[in-house]
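I opened a notebook for a structure I had not looked at before. The entries follow the order in which I looked things up.

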Amino acid sequence: AWKSKVDVVISTEKEIRNKKENLQTAKQVAEIAAKRFALAEEKKGRVEELQKKIDKINAEERKYQQREQLKEKITVLINDQNELEEKETILDTAGKNLEEKIQNLKATVAELKNRPTEMQEMKNQGEKLAELAENIRVILEERIQDRTAGKRKLTEKQQVFLETRKKYKTAQEKHMEAERILENCRAGILAKDLEEGQKCPVCGSVHHPELASLPERYITEEELEKFKSQESVLQEQKDQANTEAEKAKTALEELEKQLKVESMACLKRAGAEQMSETESLEKLVECLQDTKEMLIQKKKLNMEKLLILQADCTALTKAEKDLAKAQDKDAKKLADDRKVLTISKQETESSLIEAKTLLSSLSELSFNTWKEAKQVCADATEEVQQINNYIQQAQQAQKIADEKVTTLRASL
């Protein structure tokens, strides 16, 4: 029993000793926990400082956003200014180019202003050449043929006259021969039916001791009349043929005279002043042939010059239209563009000054960007959370340590 009591006492002392050791350890832990809590409490000032920073950043969020918007706006306005300066440079260049274009067009118009008159003169010259060429063509191709036909007609008429005259002379000779024959046998014809006791139509005697007899060749009055009538008809034909031949000759001479006049007129118009009025028609025709070839070349040259003048007139018309457009529509558009540009520059400059002024009023902000401020705010919030967690943990550890000390003390 004694031993049991001794064991109980020993056990009790050992337990008390262990509890005292545990209490000592608990006190040490409690002291450490208290120190940690005290240190944690000291960080509340940091929390307050960080919270002020957080509150300030959150309160200035609109200003940060406004400042960033202003910076973006200023960047856009500066870009707009640069673009407007480029446009102004472009407009200045366009103005110089337009002025240069106007001067060039004026020079072109001044250079080509007489081309319509020159072209009309060239047209008139071409028409005169064409008219002259046509007159020469008519002479060479038609009037010369008329002359050839007139010569042929004259030859034919002369041939008819010669043939008719030959027939007439033959008839005339026959008539004269018939008259001679009739004259020779006229007494025989009178005596042919004369009887004794009838008065002789020649001498009046009624006695006809020896009547005249008809020769071997004889004709009657009726036959003589036929010869006379035939001669008269042929004479009329001869005279008519002679008249026709004279008419043909006169017509031919008149035609040739007219041809010479027309040929001389054409040659003079062509510039052949040295031609004499006494030149033969054949020589004139030869000259007309040469003139015809010359006119072909002149007409060709005239057409070439006319085409050049037509091109110049077309260029003149275009230059006049372009000049009118440049001085009116293009110049007005350039002036309007300059006016719009000036207004845009003024508005941009005004907006830029306003934006810069407003931006300078936001220069007291602590951070360059809202992103940077927001990150600082987030970091501060996280640090506040960490500190608060640390304080709570230290407070909880101290509480647990104190409660353990109290419990251990109570158990002794």
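Before placing any residue in a helix, I noted what a helix is here: a DSSP run of H or I with at least four residues, numbered from the N terminus. By that rule I found K238 in helix α6, which spans residues 221-269. I also wrote down that the model is a predicted one.

I then looked up what K238 touches, leaving out residues up to four places away in sequence, and found F161, T164, R165 and Y168. Next I turned to V160, which I located in helix α4. V160 has 41% relative accessibility and therefore goes down as partly exposed. I checked one distance from V160: its C-alpha atom and that of Q237 are 9.5 Å apart, although 77 residues separate the two along the chain.

I counted eight helices and zero strands in the protein. Read from the N terminus, the order of elements is α-α-α-α-α-α-α-α. The protein has 412 residues, and 27% of them count as buried. I also looked at contacts between residues at least 6 apart in sequence, and 85% of these join residues at least 24 apart.

For a pair of packed helices I record the angle between the axes and the distance between the axes. The crossing of α4 past α7 is left-handed. I sorted the residues of this contact by class and got 18 nonpolar, six polar and eleven charged.

I picked N302, which sits in helix α7, residues 281-360. Its relative accessibility is 7%, so N302 is buried. Setting aside neighbours within four places in sequence, I listed the contacts of N302 as M122, Q125, G126 and L129.

I repeated the helix check for α2 (residues 44-59) and α8 (residues 370-410), whose axes come within 9 Å and cross at roughly 150 degrees. That angle makes α2 roughly antiparallel to α8. I noted the crossing of α2 and α8 as left-handed. On the α2 side the contact includes K44, V47, L50, I54 and I57, and on the α8 side W370, A373, V376, C377 and I391 are among the residues. By class, the contact of α2 with α8 has twelve nonpolar, four polar and four charged residues.

**Entry 6, aromatic rings.** How many aromatic pairs are there? I counted one aromatic pair. The pair is Y64 with W370, with ring centres 5.7 Å apart and planes at 45 degrees, so I wrote it down as tilted. Y64 belongs to helix α3 (residues 61-112) and W370 to helix α8, and the pair links distant parts of the chain, 306 residues apart. Both Y64 and W370 are buried. W370 had already come up in my notes, in the contact of α8 with α2.

Note on methods: Residues numbered from 1 in each chain as written. Predicted model: local features only at pLDDT ≥ 70, side-chain atom pairs only at ≥ 80, totals over all residues. Heavy atoms only, no water. Axes fitted to C-alpha atoms, helices over the stretch in contact; angles between N-to-C directions. Helix = DSSP H or I, 4+ residues; strand = E, 2+ residues; numbered from the N terminus. Parallel < 35°, antiparallel > 145°, perpendicular 65-115°, else oblique. Left-handed = near helix turned anticlockwise from the far one by under 90°. Contact = heavy atoms within 4.5 Å. Nonpolar A, V, L, I, M, F, W, Y, C, P; charged D, E, K, R; others polar. Phe/Tyr/Trp six-rings, centres within 6.5 Å; stacked < 30°, edge-to-face > 60°. Buried < 20%, exposed > 50% of the residue type's maximum accessible area, 1.4 Å probe, protein only.
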